[in-house]
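Trainee: I am new to this structure. Please take me through a single part of it, step by step.

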Amino acid sequence: MKILAIDTSCDETAAAVTENTKVLSNVVWSQASAHTKFGGVMPSLAQRMHEERIDWVIKKALNTGHCSLDTVDCIAVTIGPGLSIALKIGVNKAKELAIEYKKPLIAVNHVEAHLLSPFANNEYLVSSIKYPVYGLCVSGGNTIFVKINKIGSYEILAQTVDDALGEALDKAARMLWLGYPGGAILEKFTKFGNSKAYSLPIPIVGQEKRKIFTYSGLKSAFYRLVEKEKPLTKEKIYNLAASFQNVAFEHLIRVLRFIFTDHRPLNTDHLLVGGGVTANIELRKKLRDLCKEYDIKLHIPYSKKLCGDNAAMIGVTAFLNPKYVPPSKIDRNPNLKIF
Ligand code: KG4
(Lines give C-alpha, C1' and ligand atoms only; values in the text may rest on other atoms or scores of the structure.)
Protein backbone atom coordinates (compact mmCIF):
# COMPACT_ATOMS: atom_id res chain seq x y z
CA MET A 1 0.00 0.00 0.00
CA LYS A 2 1.58 3.27 -1.17
CA ILE A 3 0.77 6.15 1.16
CA LEU A 4 1.35 9.89 0.99
CA ALA A 5 1.76 10.89 4.65
CA ILE A 6 1.62 14.37 6.16
CA ASP A 7 2.58 15.67 9.63
CA THR A 8 2.26 19.27 10.85
CA SER A 9 1.82 18.56 14.56
CA CYS A 10 4.35 21.08 15.88
CA ASP A 11 7.23 22.94 14.22
CA GLU A 12 8.21 20.55 11.43
CA THR A 13 6.37 20.56 8.11
CA ALA A 14 6.72 16.98 6.95
CA ALA A 15 5.59 14.76 4.07
CA ALA A 16 6.66 11.26 3.07
CA VAL A 17 5.82 8.42 0.76
CA THR A 18 5.82 4.93 2.22
CA GLU A 19 5.03 1.52 0.79
CA ASN A 20 3.89 -0.79 3.59
CA THR A 21 6.72 -0.28 6.11
CA LYS A 22 9.25 0.82 3.49
CA VAL A 23 10.21 4.49 3.39
CA LEU A 24 10.38 5.78 -0.20
CA SER A 25 10.88 9.43 0.78
CA ASN A 26 10.91 11.41 4.02
CA VAL A 27 10.96 15.21 3.70
CA VAL A 28 11.14 17.36 6.84
CA TRP A 29 11.19 21.15 6.75
CA SER A 30 12.25 22.29 10.21
CA GLN A 31 11.09 25.67 11.48
CA ALA A 32 13.41 25.48 14.52
CA SER A 33 15.65 28.39 13.51
CA ALA A 34 12.60 30.68 13.13
CA HIS A 35 11.42 29.85 16.67
CA THR A 36 14.87 30.25 18.28
CA LYS A 37 14.42 33.89 19.18
CA PHE A 38 11.23 33.04 21.13
CA GLY A 39 13.00 30.24 23.07
CA GLY A 40 10.23 27.82 22.07
CA VAL A 41 7.53 27.20 19.49
CA MET A 42 5.41 30.27 18.67
CA PRO A 43 2.07 28.74 17.52
CA SER A 44 0.99 31.51 15.12
CA LEU A 45 4.41 31.50 13.44
CA ALA A 46 4.29 27.68 13.17
CA GLN A 47 0.89 27.90 11.49
CA ARG A 48 2.09 30.49 8.95
CA MET A 49 5.25 28.54 8.15
CA HIS A 50 3.28 25.29 7.68
CA GLU A 51 1.00 27.13 5.24
CA GLU A 52 4.01 28.41 3.30
CA ARG A 53 5.82 25.03 3.12
CA ILE A 54 3.14 22.33 2.96
CA ASP A 55 2.83 22.19 -0.84
CA TRP A 56 6.61 22.21 -1.24
CA VAL A 57 7.23 19.26 1.13
CA ILE A 58 4.43 17.22 -0.49
CA LYS A 59 5.80 17.85 -4.00
CA LYS A 60 9.32 16.96 -2.90
CA ALA A 61 8.16 13.79 -1.11
CA LEU A 62 6.24 12.64 -4.23
CA ASN A 63 9.16 13.42 -6.56
CA THR A 64 11.75 11.72 -4.36
CA GLY A 65 9.43 8.73 -3.90
CA HIS A 66 8.99 8.54 -7.72
CA CYS A 67 5.23 8.72 -7.61
CA SER A 68 2.34 11.13 -7.99
CA LEU A 69 -0.97 11.82 -6.30
CA ASP A 70 -2.59 9.64 -8.97
CA THR A 71 -0.44 6.63 -8.12
CA VAL A 72 -0.57 6.66 -4.29
CA ASP A 73 -3.24 4.40 -2.77
CA CYS A 74 -4.23 6.68 0.06
CA ILE A 75 -3.39 9.73 2.13
CA ALA A 76 -2.51 9.64 5.84
CA VAL A 77 -2.33 12.59 8.19
CA THR A 78 -1.57 13.30 11.85
CA ILE A 79 -4.74 14.43 13.61
CA GLY A 80 -3.17 14.79 17.10
CA PRO A 81 -1.83 15.21 19.67
CA GLY A 82 -0.12 18.49 18.85
CA LEU A 83 -0.60 22.20 18.39
CA SER A 84 -4.15 22.81 17.24
CA ILE A 85 -3.48 25.54 14.69
CA ALA A 86 -0.49 23.62 13.31
CA LEU A 87 -2.42 20.32 12.99
CA LYS A 88 -5.16 22.15 11.09
CA ILE A 89 -2.85 22.90 8.14
CA GLY A 90 -1.93 19.24 7.57
CA VAL A 91 -5.45 17.95 8.15
CA ASN A 92 -7.01 20.48 5.74
CA LYS A 93 -4.41 19.75 3.07
CA ALA A 94 -4.91 15.97 3.38
CA LYS A 95 -8.68 16.42 3.19
CA GLU A 96 -8.42 18.67 0.12
CA LEU A 97 -6.14 16.18 -1.71
CA ALA A 98 -8.28 13.16 -0.72
CA ILE A 99 -11.37 14.82 -2.22
CA GLU A 100 -9.60 16.08 -5.35
CA TYR A 101 -7.83 12.78 -6.13
CA LYS A 102 -10.56 10.51 -4.71
CA LYS A 103 -8.22 8.75 -2.28
CA PRO A 104 -9.10 7.13 1.06
CA LEU A 105 -7.97 9.12 4.08
CA ILE A 106 -6.29 7.64 7.19
CA ALA A 107 -6.13 9.49 10.53
CA VAL A 108 -2.96 8.87 12.54
CA ASN A 109 -2.04 9.42 16.19
CA HIS A 110 1.37 11.13 16.42
CA VAL A 111 2.42 9.37 19.66
CA GLU A 112 1.48 5.96 18.27
CA ALA A 113 3.60 6.81 15.22
CA HIS A 114 6.64 7.59 17.42
CA LEU A 115 6.11 4.25 19.21
CA LEU A 116 5.93 2.32 15.94
CA SER A 117 8.77 4.24 14.21
CA PRO A 118 11.32 1.40 14.77
CA PHE A 119 9.22 -0.65 12.29
CA ALA A 120 10.14 1.74 9.45
CA ASN A 121 12.25 -0.15 6.87
CA ASN A 122 12.25 -3.18 9.18
CA GLU A 123 9.83 -5.70 7.73
CA TYR A 124 11.64 -8.48 9.57
CA LEU A 125 10.86 -6.90 12.95
CA VAL A 126 7.19 -6.43 12.00
CA SER A 127 6.79 -10.09 11.09
CA SER A 128 8.93 -11.62 13.84
CA ILE A 129 8.06 -9.62 16.95
CA LYS A 130 5.92 -11.39 19.56
CA TYR A 131 3.45 -9.33 21.56
CA PRO A 132 3.14 -7.94 24.14
CA VAL A 133 6.12 -5.58 23.89
CA TYR A 134 7.14 -2.43 25.72
CA GLY A 135 6.97 0.98 23.99
CA LEU A 136 8.60 4.25 25.02
CA CYS A 137 7.99 7.67 23.45
CA VAL A 138 10.37 10.41 24.57
CA SER A 139 9.73 13.60 22.63
CA GLY A 140 9.19 17.32 23.14
CA GLY A 141 5.49 16.87 23.83
CA ASN A 142 5.25 13.39 25.36
CA THR A 143 6.99 11.02 27.73
CA ILE A 144 4.99 7.86 27.88
CA PHE A 145 5.84 4.21 28.59
CA VAL A 146 3.32 1.62 27.47
CA LYS A 147 2.67 -2.06 27.13
CA ILE A 148 1.77 -2.76 23.51
CA ASN A 149 -0.60 -5.73 23.64
CA LYS A 150 -0.77 -5.63 19.84
CA ILE A 151 -0.67 -2.81 17.32
CA GLY A 152 -3.57 -0.53 18.24
CA SER A 153 -3.90 -1.76 21.84
CA TYR A 154 -1.87 0.20 24.37
CA GLU A 155 -1.77 0.14 28.15
CA ILE A 156 -0.10 2.99 30.02
CA LEU A 157 2.62 1.83 32.41
CA ALA A 158 3.99 5.31 33.21
CA GLN A 159 3.65 8.83 31.89
CA THR A 160 4.74 12.31 32.76
CA VAL A 161 2.66 14.32 35.19
CA ASP A 162 4.20 17.63 34.08
CA ASP A 163 6.84 18.25 31.39
CA ALA A 164 7.90 15.80 28.72
CA LEU A 165 11.59 14.82 28.83
CA GLY A 166 12.41 16.84 25.67
CA GLU A 167 10.54 19.83 27.04
CA ALA A 168 12.54 19.67 30.30
CA LEU A 169 15.82 19.53 28.33
CA ASP A 170 14.65 22.48 26.20
CA LYS A 171 13.83 24.50 29.33
CA ALA A 172 17.18 23.71 30.97
CA ALA A 173 18.94 24.79 27.77
CA ARG A 174 16.94 28.02 27.80
CA MET A 175 18.06 28.73 31.39
CA LEU A 176 21.63 28.49 30.09
CA TRP A 177 20.79 30.70 27.06
CA LEU A 178 21.78 27.92 24.67
CA GLY A 179 18.95 28.41 22.15
CA TYR A 180 16.13 26.24 20.79
CA PRO A 181 15.54 23.31 20.35
CA GLY A 182 17.59 22.84 23.49
CA GLY A 183 17.87 19.04 23.77
CA ALA A 184 20.30 18.63 20.88
CA ILE A 185 22.31 21.75 21.81
CA LEU A 186 22.50 20.68 25.45
CA GLU A 187 23.82 17.30 24.32
CA LYS A 188 26.71 19.00 22.48
CA PHE A 189 27.67 20.94 25.63
CA THR A 190 27.49 17.82 27.83
CA LYS A 191 30.42 16.33 25.88
CA PHE A 192 32.81 18.84 27.48
CA GLY A 193 31.25 18.75 30.95
CA ASN A 194 31.42 16.61 34.07
CA SER A 195 28.01 15.15 34.88
CA LYS A 196 29.00 14.78 38.56
CA ALA A 197 30.15 18.40 38.94
CA TYR A 198 26.86 19.47 40.51
CA SER A 199 24.50 17.48 42.64
CA LEU A 200 20.89 17.76 41.50
CA PRO A 201 17.96 15.81 42.99
CA ILE A 202 16.87 12.75 41.01
CA PRO A 203 13.05 13.09 40.83
CA ILE A 204 11.01 10.72 43.07
CA VAL A 205 14.12 8.79 44.04
CA GLY A 206 13.11 5.75 46.09
CA GLN A 207 9.47 6.21 45.05
CA GLU A 208 9.71 4.74 41.56
CA LYS A 209 6.73 2.53 42.39
CA ARG A 210 4.57 5.61 41.77
CA LYS A 211 5.31 4.92 38.07
CA ILE A 212 5.33 8.52 36.96
CA PHE A 213 7.81 10.78 35.24
CA THR A 214 8.15 14.27 36.66
CA TYR A 215 10.59 17.04 35.83
CA SER A 216 9.15 20.13 37.54
CA GLY A 217 11.13 19.68 40.81
CA LEU A 218 14.36 19.06 38.92
CA LYS A 219 13.74 22.13 36.77
CA SER A 220 13.21 24.35 39.82
CA ALA A 221 16.36 22.99 41.49
CA PHE A 222 18.28 23.62 38.27
CA TYR A 223 16.97 27.19 38.05
CA ARG A 224 18.15 27.89 41.61
CA LEU A 225 21.54 26.32 40.87
CA VAL A 226 22.02 28.37 37.69
CA GLU A 227 21.14 31.57 39.58
CA LYS A 228 23.63 30.67 42.33
CA GLU A 229 26.41 29.97 39.81
CA LYS A 230 26.03 33.24 37.94
CA PRO A 231 28.07 34.72 36.31
CA LEU A 232 28.33 31.62 34.13
CA THR A 233 31.66 30.68 32.59
CA LYS A 234 31.97 28.26 29.67
CA GLU A 235 33.20 25.54 32.01
CA LYS A 236 30.26 26.04 34.37
CA ILE A 237 27.82 25.82 31.44
CA TYR A 238 29.39 22.55 30.27
CA ASN A 239 29.13 21.08 33.77
CA LEU A 240 25.60 22.36 34.37
CA ALA A 241 24.42 20.92 31.03
CA ALA A 242 26.04 17.54 31.75
CA SER A 243 24.66 17.40 35.30
CA PHE A 244 21.09 18.24 34.25
CA GLN A 245 21.00 15.80 31.34
CA ASN A 246 22.46 13.03 33.48
CA VAL A 247 19.86 13.40 36.24
CA ALA A 248 16.97 13.79 33.77
CA PHE A 249 17.96 10.50 32.07
CA GLU A 250 18.71 8.77 35.38
CA HIS A 251 15.12 9.43 36.51
CA LEU A 252 13.71 7.90 33.31
CA ILE A 253 15.94 4.83 33.63
CA ARG A 254 15.09 4.30 37.31
CA VAL A 255 11.34 4.26 36.61
CA LEU A 256 11.83 1.89 33.66
CA ARG A 257 14.01 -0.38 35.80
CA PHE A 258 11.31 -0.55 38.47
CA ILE A 259 8.68 -1.50 35.89
CA PHE A 260 10.92 -4.07 34.21
CA THR A 261 11.45 -5.70 37.61
CA ASP A 262 7.74 -5.53 38.36
CA HIS A 263 6.65 -6.96 35.00
CA ARG A 264 9.21 -9.68 34.39
CA PRO A 265 6.64 -12.49 34.78
CA LEU A 266 4.98 -11.12 31.62
CA ASN A 267 8.06 -12.20 29.69
CA THR A 268 7.97 -9.14 27.48
CA ASP A 269 11.36 -9.05 25.88
CA HIS A 270 11.23 -6.24 23.30
CA LEU A 271 11.28 -2.47 23.78
CA LEU A 272 10.34 -0.11 20.93
CA VAL A 273 11.60 3.45 21.42
CA GLY A 274 10.83 6.61 19.44
CA GLY A 275 10.66 10.40 19.72
CA GLY A 276 13.13 13.27 19.30
CA VAL A 277 15.13 12.58 22.48
CA THR A 278 15.96 9.09 21.16
CA ALA A 279 18.55 10.83 18.96
CA ASN A 280 20.63 11.42 22.11
CA ILE A 281 23.73 9.20 22.25
CA GLU A 282 23.91 9.09 26.06
CA LEU A 283 20.23 8.13 26.36
CA ARG A 284 20.70 5.36 23.79
CA LYS A 285 23.64 4.03 25.79
CA LYS A 286 21.69 4.10 29.05
CA LEU A 287 18.74 2.33 27.41
CA ARG A 288 21.04 -0.26 25.84
CA ASP A 289 22.69 -0.97 29.21
CA LEU A 290 19.33 -1.24 30.95
CA CYS A 291 17.92 -3.59 28.32
CA LYS A 292 21.04 -5.75 28.51
CA GLU A 293 20.52 -6.07 32.27
CA TYR A 294 16.98 -7.39 31.70
CA ASP A 295 17.67 -9.35 28.52
CA ILE A 296 15.32 -7.11 26.55
CA LYS A 297 15.86 -6.37 22.85
CA LEU A 298 15.98 -2.63 22.20
CA HIS A 299 14.60 -1.31 18.88
CA ILE A 300 15.35 2.29 17.91
CA PRO A 301 14.51 3.93 14.53
CA TYR A 302 17.21 3.22 11.94
CA SER A 303 17.95 6.90 11.30
CA LYS A 304 17.99 10.07 13.43
CA LYS A 305 15.51 11.64 11.02
CA LEU A 306 12.97 9.02 12.09
CA CYS A 307 13.44 9.90 15.79
CA GLY A 308 12.22 13.50 15.58
CA ASP A 309 8.95 14.57 13.99
CA ASN A 310 8.61 13.18 10.47
CA ALA A 311 5.91 11.88 8.17
CA ALA A 312 7.48 8.50 7.28
CA MET A 313 6.42 7.19 10.71
CA ILE A 314 2.89 8.46 9.95
CA GLY A 315 2.81 6.45 6.71
CA VAL A 316 4.14 3.32 8.44
CA THR A 317 1.56 3.64 11.24
CA ALA A 318 -1.24 4.24 8.73
CA PHE A 319 -0.28 0.94 7.08
CA LEU A 320 0.02 -1.00 10.36
CA ASN A 321 -3.10 0.44 12.01
CA PRO A 322 -5.30 2.04 9.33
CA LYS A 323 -8.08 4.21 10.74
CA TYR A 324 -10.06 5.27 7.69
CA VAL A 325 -12.10 8.45 8.04
CA PRO A 326 -14.37 10.00 5.39
CA PRO A 327 -12.93 13.40 4.31
CA SER A 328 -16.09 15.15 5.54
CA LYS A 329 -15.54 13.72 9.06
CA ILE A 330 -11.80 14.18 9.57
CA ASP A 331 -10.78 16.69 12.20
CA ARG A 332 -7.76 17.53 14.35
CA ASN A 333 -7.69 16.46 17.99
CA PRO A 334 -4.88 18.31 19.83
CA ASN A 335 -5.36 16.15 22.97
CA LEU A 336 -5.72 12.79 21.25
CA LYS A 337 -4.77 9.81 23.47
CA ILE A 338 -3.54 6.37 22.43
CA PHE A 339 -5.61 4.31 24.85
O1 KG4 B 1 9.81 14.05 18.48
P2 KG4 B 1 10.07 15.50 18.42
O3 KG4 B 1 10.76 16.03 17.19
O4 KG4 B 1 8.77 16.33 18.62
C5 KG4 B 1 7.67 15.93 19.36
O6 KG4 B 1 6.89 15.04 18.90
O7 KG4 B 1 7.51 16.48 20.47
O8 KG4 B 1 10.95 15.84 19.71
C9 KG4 B 1 11.49 17.10 19.90
C10 KG4 B 1 12.27 17.07 21.20
C11 KG4 B 1 12.76 18.45 21.60
O12 KG4 B 1 12.46 18.64 22.96
C13 KG4 B 1 14.26 18.36 21.37
O14 KG4 B 1 15.00 19.19 22.23
C15 KG4 B 1 14.53 16.90 21.64
O16 KG4 B 1 13.43 16.22 21.07
N17 KG4 B 1 15.79 16.45 21.03
C18 KG4 B 1 16.84 15.99 21.74
C19 KG4 B 1 17.85 15.69 20.80
N20 KG4 B 1 17.38 15.98 19.56
C21 KG4 B 1 16.10 16.44 19.72
N22 KG4 B 1 17.01 15.82 23.06
C23 KG4 B 1 18.19 15.34 23.48
N24 KG4 B 1 19.21 15.05 22.64
C25 KG4 B 1 19.09 15.20 21.31
N26 KG4 B 1 20.11 14.90 20.50
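**Strand E4 and its partners**

Mentor: Let us start with one pair of residues. In this predicted model, threonine 78 stands opposite valine 108 in strand E5. That pair belongs to a longer contact. Strand E4 and strand E5 (residues 105–109) are joined by five bridges, and they pair in the parallel sense. How does the chain get from E4 to E5? The chain passes through helix H3, residues 84–101. This β-α-β crossover is right-handed.

Now take E4 and strand E1. Strand E1 covers residues 2–7 and runs parallel to E4, with four bridges between the two. Here isoleucine 3 stands opposite cysteine 74 in E4. So E4 pairs with E1, and E4 also pairs with E5.

Is E4 itself mostly covered or mostly open? E4 spans residues 74–80 and is mostly covered, with seven of its seven residues buried.

How many disulfides does a search of the whole structure find? The search finds zero. Take cysteine 67: it is in no disulfide. Its nearest cysteine sulfur belongs to cysteine 74 and is 12 Å away. The cut-off for a disulfide is within 2.5 Å. Cysteine 67 counts as buried because its relative accessibility is 11%, and buried means under 20%.

Cysteine 137 is in no disulfide either. The nearest cysteine sulfur there is that of cysteine 307, 11 Å away. Cysteine 137 is buried, with a relative accessible area of 0%.

Notes
Residues are numbered from 1 along each chain as its sequence is written. This is a predicted model: local features need pLDDT of at least 70, side-chain atom pairs count only at pLDDT 80 or more; totals for chains, interfaces and linings use all residues. Side-chain values use heavy atoms; hydrogens and water are left out. Buried means under 20% relative accessible area, exposed over 50%, partly exposed in between (1.4 Å probe, protein chains only). A crossover is right-handed if, with the strands pointing away from the viewer, the path from the first strand over the helix to the second runs clockwise.
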